[in-house]
Amino acid sequence: MKYQQKKKAVLLLADGTAFYGKSVGYEGTAFGEVCFNTGMTGYQEIFTDPSYFGQIMVMTNAHIGNYGICEDDNESNGMKIAGLVCRNFSYDASRAVAEETLKDFLDRNHLVAICEVDTRALVSYIRDNGSMNAVISTETDDLALLKARLNEIPNMKGLELASKVSVTEPYFFGNPEAKYKVAALDFGIKKNILRNLAARDMYIKVFPYNTPLAELKAWNPNGYFLSNGPGDPEPLTEVIAQVKQMIDEDLPIFGICLGHQIIALANGISTYKMHNGHRGINHPVKNLLTGKDEITSQNHGFAVNRAEAEANPNVEITHTHLNDNTVMGLRVKGKKCFSVQYHPEAAPGPNDATYLFDQFVEQLRN
């Protein structure tokens, strides 16, 4: 791979549809599931969110890169998306605290990105035809060659990716003198989730995604946290069985996104791959326990089966999406276990749902 600015580039979808643009700079070919995010801001948090691992990100905002990159805004240890597609790319950073331009950040992380794509037409096409595998390339416009290579890429359905982004060794976050100790399973945890937990008097030990329950218990935590993460939750069979044991112990458990789906699976409720998924920072959710609505940040391509959740005597649906009625929250009856499908840590996004961290604290206190 070599550097060359404004070279012609192509995005090829799995069904053979092609969209053309220009290379942002770093030359190469990248594969992944194409999806789009409707957020008007927060591109750095999105690009570094481990939940997007293995995905080519299409940004619907017309301008990307205009406020540059600041290290504090990273949600993980680096770039997690597989590639970037945008309309207008800004090579300059206008924000005073910017430490580098987005282009420098992409180059440093060897990320292939293309701009000058008709993203309005592309997003409209994905909305109609669903998310699918895709390839972006600045190296060749031979569609037959790219299609042959693309056919070898596994589908997101059935793909386990938590192991690709999880830590391999435990680490600590927060104040060791905090009142509560929380053991967190890392399926792709975001830094702002850890900040929200630590700000509420919790000391967190983050464990690899497949850590045995006995090892979690040996730390003597006051509760458990199940993080967000990429991929299909159903292949995580050992983790699901372990979470079932965890629920039976009746210590407080809070799950977000993939953690929410694993809690559902641990209760015998299946998940499914959505047509497009929810990715943006303005998704309307109704809290069925309070009757209040909240605007939420979301990033998921799988969801919990609503009919099975409604029929399950052990769980209660606590939140619902007001656009499509998908399950947005669950609680396990008679247990201190609850979860949401969206992102209350809001990085990026609104702060309507930060009360969920306070709810977790209440369970730890009681």
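Student: In which sense do E3 and E4 pair, and over how many bridges?

Tutor: This is a predicted model, so everything here is computed. Strand E3, residues 29–37, pairs with E4 in the parallel sense over five bridges. One of the partner pairs is Glu33 with Gln55 in E4.

Student: What else does E4 pair with?

Tutor: Strand E6, residues 83–85, also pairs with E4 in the parallel sense, over three bridges. There Met57 stands opposite Leu84, and Val58 has Val85 as its bridge partner.

Student: How many residues of E4 are buried?

Tutor: Five of its five residues, 55–59, are buried, so by the under 20% relative accessible area cut-off the strand counts as mostly covered.

Student: Which E4 residues point which way?

Tutor: Gln55, Met57 and Met59 point one way, while Ile56 and Val58 point the other way. Both sets are buried. In a regular strand, side chains alternate between the two faces of the sheet.

Student: What does UniProt list for residues 7–137?

Tutor: An unreviewed UniProt entry lists that span as "domain: Carbamoyl-phosphate synthase small subunit N-terminal".

Student: Changing topic to helix packing. At what angle do H8 and H9 pack?

Tutor: At about 80 degrees, with the axes of H8 (residues 237–249) and H9 (residues 258–266) 8 Å apart. That angle makes H8 roughly perpendicular to H9.

Student: Which residues meet there?

Tutor: From H8, the residues are Val239, Ile240, Val243, Lys244 and Ile247. From H9, they are Ile262, Ile263, Leu265 and Ala266. The contact divides into eight nonpolar residues, no polar ones and one charged.

Student: And H6, which of its residues are buried?

Tutor: In H6, residues 191–198, the buried residues are Asn192, Ile193, Leu194, Asn196 and Leu197.

Student: What covers them?

Tutor: The cover includes strands E10 (171–173), E12 (202–208), E13 (223–226) and E14 (253–256), along with helix H11 (355–365).

Student: What is Pro208 in contact with, leaving aside neighbours within four places in sequence?

Tutor: Its contacts are Ser166, Val167, Thr168, Glu169, Pro170, Leu185 and Asp186. Separately, Ser163 is 45 residues from Pro208 in sequence, and the two are 8.4 Å apart in space, C-alpha to C-alpha.

Student: Leu185 and Asp186 are on that list. Where is Ala184 found?

Tutor: Ala184 is in strand E11, residues 180–186. The residue is buried, with a relative accessible area of 0%.

Student: What touches Ala184, again leaving out neighbours within four places?

Tutor: Ala184 is in contact with Ile189, Ile204, Lys205, Val206, Phe207 and Phe225. Lys205 is 21 residues away in sequence, but the C-alpha atoms of the pair are 6.1 Å apart in space.

Student: Last one, E17. What strands does E17 pair with?

Tutor: E15 (residues 271–287) is joined to E17 by three bridges, and the two run antiparallel. In that pairing Lys286 stands opposite Thr320. E18 (residues 327–332) also pairs with E17 in the antiparallel sense, over five bridges, with Ile317 opposite Leu330.

Student: How many residues sit between the strands in the hairpin of E17 and E18?

Tutor: Five residues, and Asn325 in that hairpin takes a positive phi near 65 degrees.

Student: And how many of the E17 residues are buried?

Tutor: Six of its seven residues, 315–321, are buried, and the strand is mostly covered.

Notes. Residues numbered from 1 in each chain as written. Predicted model: local features only at pLDDT ≥ 70, side-chain atom pairs only at ≥ 80, totals over all residues. Heavy atoms only, no water. UniProt positions renumbered as here; feature names shortened; annotations may be inferred. Buried < 20%, exposed > 50% of the residue type's maximum accessible area, 1.4 Å probe, protein only. Helix = DSSP H or I, 4+ residues; strand = E, 2+ residues; numbered from the N terminus. Pairing = 2+ DSSP bridges. Axes fitted to C-alpha atoms, helices over the stretch in contact; angles between N-to-C directions. Parallel < 35°, antiparallel > 145°, perpendicular 65-115°, else oblique. Contact = heavy atoms within 4.5 Å. Nonpolar A, V, L, I, M, F, W, Y, C, P; charged D, E, K, R; others polar.
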